[in-house]
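Subject: Structure handover

Hello,

Here is the structure you are taking over. My notes on it follow below.

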Amino acid sequence: MIIWAHEYDILVRYDVKVKQSIWHSISPMKLILSGYCLIILIGTILLTLPIAARSGQWTPVSDCFFTATSATCVTGLIRYDTYMHWTMFGQLVILSMIQIGGIGFMTVTILVLLAARRRISLSQRAIMQNSVSAPQLAGIVRMTRFIALGTFLVEAIGALLLSLDFVPRFGWKKGIYFSIFHSVSAFCNAGFDLMGGTSGEFSSLTGLADNWYVNMIIMLLIFIGGLGFFVWYDLGSKRFRFRRLNLQSKMVLSISGVLVLFGALILFALEQGHEMYAGMSIGEQILASLFQSVTARTAGFNTTNLAAMTDAGIFVMICLMFIGGSTGSTAGGIKTTTFWVLCISIFATFKRKKNIEAFGRRMEEGITRTASCVFMTYLLLSCSVAVIISALENIPLLDALFESVSAMATVGLTVGITPSLGMVSKLLLAFLMLCGRVGSVTMLLAFSSEKRVINSRLPLDKIQVG
């Protein structure tokens, strides 16, 4: 018996070591990707159930998969109108995926472990660091608590403010439910809405285009969610003093403000007098331009008919969607910091500066290479899928590019072609949504080998570029 017990103890210890070795052998990038895929799988299964659809019938798996991917990746592209097709159960499943996808599944995992009073291992902290793009491993658990508290606080305030308009409009129960749903969807930059029952299918917020109050609250929620968790933390710890903020916070706040104002000005100038703004007063046109500029930062709501936009306006929206929000936020796109680095690297080249500088600080070497990698990955994937969809669906390339960038940047805006796309096109858009939410660099590293970095030993030679 003693010998058997000893052998059993050895087997248990060996099994634990094997599990630990398997856990550590999987890179954080692969675990992050696997986590999002698991959420999408669970969401797909739940949405296929008859209880999730108003018709009481099984919804096609492909459409459920597309919807679950869009919700988990906080995109907003949909096959069915969220209110008209899905029951309360289906809507809550979608809302849950939006919330988990918005703050990150690893954030939820850490919170559950903390609630269960479990110890957070070093490997779990490393995964959390990669999940939210934290600058360092130290203080990651404290940052997780801050992310959760800040998210729920902002969403609660947003829901309370929206209820002041929605409750008189829809009644107590429906008004409070709509307030919570749209607050979470706006803050997480998801773009899912429940207005199909009042303004028609796929109407988004077009029925509230002249409502300054609701528009401003939605825009604030989108903007705050797109700033990034670490910008909030920096703002709070530095008491909103711009000069004391770190470099990333200064860059994010500066470029975000410029893009919103510049985008609104360009859209107003391009669309004034055209079909999209037909019948709207100047004040309503200004509000619509500002809203579309903000929502193009990966939110997915719209207060105007985007299918009526001019080609120039569509191209401007594509550019805004492509840039997206900020690193470590609920938004997608190449990120504002990436765009800033690429822009100032151009000026640094013109001035023949070796280093990239901003706000009196020098950036680390290699940052331009990383920014270029992100930019080219997003560009190649978006353009490739756009060409394929354009050929398969026989639609204009600009419209296909709008949909592909909207998916890749996890925006969710559409010119009206997504509901009618075929199976292959939907799968391609779903792949782009997953790439955009997880991150292009994370996707590349997840499928790359685990070999350590080796400095090149080949002979040096020079080439001319430009």
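A residue is called exposed when its relative accessible area is over 50%, buried when it is under 20%, and partly exposed in between. Phe240 has 65% relative accessibility, so Phe240 counts as exposed. Please keep in mind that this is a predicted model.

Backbone first. Phe240 sits in the loop between α12 and α13 (247–271). Its phi is positive, about 60 degrees, although Phe240 is not a glycine. Val74 is another non-glycine residue with a positive phi, in this case about 45 degrees. Val74 belongs to the loop between α3 and α4 (82–85). With a relative accessibility of 0%, which is under 20%, Val74 counts as buried. Gly104, which comes after α5, also has a positive phi, near 100 degrees.

Helix α3 covers residues 61–72, which makes 12 residues. From first C-alpha to last, α3 reaches 16 Å, close to the 16 Å expected at 1.5 Å a residue. Helix α3 is mostly covered, with 10 of its 12 residues buried. Among them are Ser62, Asp63, Cys64, Phe66 and Thr67.

Helix α5 runs over residues 88–103 and has 16 residues. At 1.5 Å a residue α5 should span 22 Å, and its end C-alpha atoms are 23 Å apart, which agrees. The buried residues of α5 include Val93, Ile94, Leu95, Met97 and Ile98, along with the glycines Gly90, Gly101 and Gly102.

On cysteines, how many disulfides does a search of the whole structure find? The search finds 0. Cys64 has 0% relative accessibility and therefore counts as buried. Cys343 has a relative accessible area of 27%, so Cys343 is partly exposed.

The C-alpha atoms of Ile45 and Cys64 are separated by 7.8 Å, and the two residues are 19 residues apart along the chain. Ile45 lies in helix α2, residues 28–48. Its relative accessible area is 48%, so Ile45 is partly exposed.

On the surface there is a nonpolar patch formed by Phe65, Ile388, Leu392, Met423, Val424 and Leu427. Together these residues have about 520 Å² of accessible area. Two elements give two or more residues to the patch: α17 (367–393) and α19 (423–438). The largest share, 3 residues, comes from α19. Leu392 is found in helix α17, and its relative accessible area of 49% makes Leu392 partly exposed.

Last, the aromatic residues. A search of the whole structure finds 14 aromatic pairs. In one of them, the ring centres of Phe187 and Trp232 are 5.5 Å apart and the planes are at 50 degrees, so the pair is tilted. Phe187 lies in helix α9 (residues 172–187) and Trp232 in helix α12 (residues 229–237), so this pair ties together parts that are 45 residues apart in sequence. Are Phe187 and Trp232 buried or exposed? Both are buried. Separately, Tyr83, Phe166, Phe170, Tyr177, Phe178 and Phe181 form one aromatic cluster.

Regards

Technical notes: Residues numbered from 1 in each chain as written. Predicted model: local features only at pLDDT ≥ 70, side-chain atom pairs only at ≥ 80, totals over all residues. Heavy atoms only, no water. Helix = DSSP H or I, 4+ residues; strand = E, 2+ residues; numbered from the N terminus. Buried < 20%, exposed > 50% of the residue type's maximum accessible area, 1.4 Å probe, protein only. Expected span 1.5 Å × (residues − 1). Disulfide = S-S within 2.5 Å. Patch = residues over 30% accessible without salt bridge, like charges linked within 9 Å, V, L, I, M, F, W, Y side chains within 5 Å. Areas by Shrake-Rupley, 256 points an atom, 1.4 Å probe, with all protein chains shown as cover. Salt bridge = Lys/Arg side-chain N within 4 Å of Asp/Glu carboxyl O. Phe/Tyr/Trp six-rings, centres within 6.5 Å; stacked < 30°, edge-to-face > 60°.
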